[in-house]
Amino acid sequence: QKVSVEVLERLEHLALVDFRDSEGVERLHKAIQFADQLHEVNTDGVEPMDSVLEDRWCLYLREDDVTEGNCTKELLKNAREKVEEYFVAPPGNIPLPKLEERGTFLQGS
Amino acid sequence: LAPWIPVVGLEIHAQISSNSKLFSGSQVQFAAPPNSLVSFFDASLPGTLPVLNRRCVEAAVMTGLALNCSINKKSLFDRKHYFYADLPAGYQITQQRVPIAVNGSLSYSLYIDNKMSQMVTKTVRIKQIQLEQDSGKSLHDDTRSQTLVDLNRAGVGLMEVVMEPDMCCGEEAAAAVRELQLILQTLGSSQAVMAEGQLRVDANVSVHHPGEPYGVRTEVKNINSIRFLAKAVDYEIQRQIEELENEGTILNETRAFDSKLGCTVPMRDKEAKQDYRFMPEPNLPPLILYDAKSLPANMNHQQVINIDWIHERLPDLPSVKREKLVEQYGILPEHSFTLLNEDGLAEFFESVVKQTQMKPKKVIGWILKDLLSYLKQHSLTVKESPVSSFLLADLLNLLERNKISSTAAKQGTTDLCCFYCDFQVLVELWKGEGKTPLEIVKEQELELLQDEKELEQICQAVIDGQENEVIIMVLG
């Protein structure tokens, strides 16, 4: 069962990944096959499990105290570009170029 | 022409009133230096983990109880993925599968007609309340073709309140949101000030003919006040009706409300339909809440949230406060609405009633007609009222005892307010500059008496705290 070009393109768009070549797509197919093995188990009437620790894992609740922050300088050290303590980003999301415009092998399919 | 039935649903995001954020210990504060209230987790640096803030959970439980919801004793957290510069992790932690509260209701009232003579009560169903993170803020700099990102708001706790499409027009939507706002403020779970972004409302609007299925709905965003909410909803209803009557179609799209033009416009970023690829948040186990029956014996108190304990400590909600006012003072339900609508007015009214012999049914008229109209005209809040409840009570007592004429008293409150406003200016200048009151009155163009002697007498009487004499002099 192959994944259609439309779906592949949609996945590239959603996850901002680049399958790049047939090897990449094949790896995706293998990953789907691997995950599909889950369907071999009949889970009718079984509650999905959130954690192997089940009831023993209590969600820790923190007190409402201010204990962090005030490290603007440190945070901005990671920024390639900054303007007066703001991070700089491109104007809005840059849309992925259309299939025709990308040098992707998916074109050929 | 077949009639149209408009259908309006609302998605409301209320910022939780807490010291620190939902999953981190950085401070929650409006207007701070950019990126100063940001922890490593908020900036999504690798290796950081979310830690749930107890206060945020309590706020959501309080709100759920106040809105008659069922509180889910077990609720779950999920990741909602999308890319945007102000969402550094690339996903928002929210509650998509099992939110903290479901199936509630909100009752609200509105005037039946424009004459404001009679009120009708309506109910809107609350689908759910969920806890989720707020995103950072993007400042668009079109000239330099860039976006400046401030993460101070990233990670602040939000309660998303989803209202079912039980409303039919702008007025109903506005009344429902106003009541929600009052409830949140009474609980203290959110300060719900729309102007500061603490309460954000998105409207879902569609129209259809009776008996036919619901029409395609549009989502309207960028609504910055309750007044604009009513306008945006009514505009969108009209736009859809006109479009459909002209054989057009409605697109399932997101539109922005342009307050200057008073219309809705399609939003710029016309992306293909979003797929948020929800997945369970692997770093957070289920949130378990308890009640009196299920309270675990051996757990650390700080780790336990008891729904019943919170229920017992809920303050009187606005609807209860109104009922009590009506019952205790014999005023009309409409009056109780106005009293609660103005911050501090109900307390002012009760304070005056305590200090005067005049019956509450008569006092309410002075509060709602004379005092309130004066405050509105001069854009003052109740706290800024030039006339204190003590003084107003005095005035009303004098009237009751026929010490001042009723015609004078009719103008009384307004006159007193005007007088006291100007008088404050007068006294300050009189103390400071050694000019005569008359000189100051002329200079400042105050609307006070021009009789020097009388002015001094009144000033002195106020300074000596002899309000009765003041009132008689001003109004007599």
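## Chain B as a whole

Among the contacts in chain B (heavy atoms within 4.5 Å) that join residues at least 6 apart in sequence, 67% are between residues at least 24 apart. This is a predicted model, in which local features need pLDDT of at least 70 and side-chain atom pairs count only at pLDDT 80 or more, while totals for chains, interfaces and linings use all residues. Residues are numbered from 1 along each chain as its sequence is written, chains are lettered from A and ligands numbered from 1 in the order in which they are written, and side-chain values use heavy atoms, with hydrogens and water left out.

Chain B contains 13 helices and 17 strands, where helices (H or I, at least four residues) and strands (E, at least two) are DSSP runs numbered from the N terminus. Of its 476 residues, 52% are buried; buried means under 20% relative accessible area, exposed over 50%, and partly exposed in between (1.4 Å probe, protein chains only).

## Helix 5 of chain B

Helix 5 of chain B spans residues 318-329, and its 12 residues reach 16 Å from the first C-alpha to the last, close to the 16 Å expected at 1.5 Å a residue; the expected span is 1.5 Å times one less than the number of residues. Its buried residues are Pro318(B), Arg322(B), Leu325(B) and Tyr329(B). They lie on the same side of helix 5 of chain B because they cover an arc of only 70° around the axis, the arc being that of the directions from the helix axis to the C-beta atoms. Exposed residues on the other side of this helix are Glu323(B), Glu327(B) and Gln328(B). The cover over the buried residues of helix 5 of chain B includes helix 2 (170-187), helix 6 (333-341), helix 7 (345-355) and helix 8 (360-377) of chain B.

Tyr329(B), which lies in helix 5 of chain B, counts as buried because its relative accessibility is 12%. Leaving aside neighbours within four places in sequence, Tyr329(B) is in contact with Phe349(B), Glu350(B), Val353(B), Pro360(B) and Lys361(B). Helix 5 of chain B is followed by Gly330(B), whose phi is positive, near 70°.

## The interface of chains A and B

Chain A contributes 36 residues to the contact and chain B contributes 55 residues. Between them the two chains bury about 3,900 Å², 57% of it on carbon and sulfur atoms; buried area is the accessible area (1.4 Å probe) that two parts lose on being put together, summed over both. In chain A, the residues that lose the most area to chain B are Leu59(A), Leu61(A) and Arg62(A), together 19% of what that side buries.

Glu84(A) has a positive phi, near 45°, in a residue other than glycine, and its place is in the loop between strand 2 (82-83) and strand 3 (86-89) of chain A. Ala31(B) likewise has a positive phi, near 55°, and lies in the loop between strand 1 (5-15) and strand 2 (52-53) of chain B. Glu84(A) counts as exposed because its relative accessibility is 68%, and Ala31(B) counts as exposed at 68% relative accessibility.

## Salt bridges

Over all chains the count comes to 23 salt bridges, a salt bridge being a side-chain nitrogen of Lys or Arg within 4 Å of a carboxyl oxygen of Asp or Glu. Across the interface of chain A and chain B, the rule finds 0 salt bridges.

Glu281(B) and Arg79(B) form a salt bridge in which the closest N and O atoms are 2.7 Å apart. This pair links distant parts of the chain, 202 residues apart, with Glu281(B) in the loop between strand 16 (279-280) and strand 17 (287-288) of chain B and Arg79(B) in strand 5 (residues 78-81) of chain B. Both Glu281(B) and Arg79(B) are buried. Glu236(B) and Arg239(B), with their closest N and O atoms 2.9 Å apart, both lie in helix 3 (residues 226-245) of chain B, 3 residues apart, about one turn of the helix. A network of salt bridges links Glu236(B), Arg239(B), Glu253(B) and Arg255(B).
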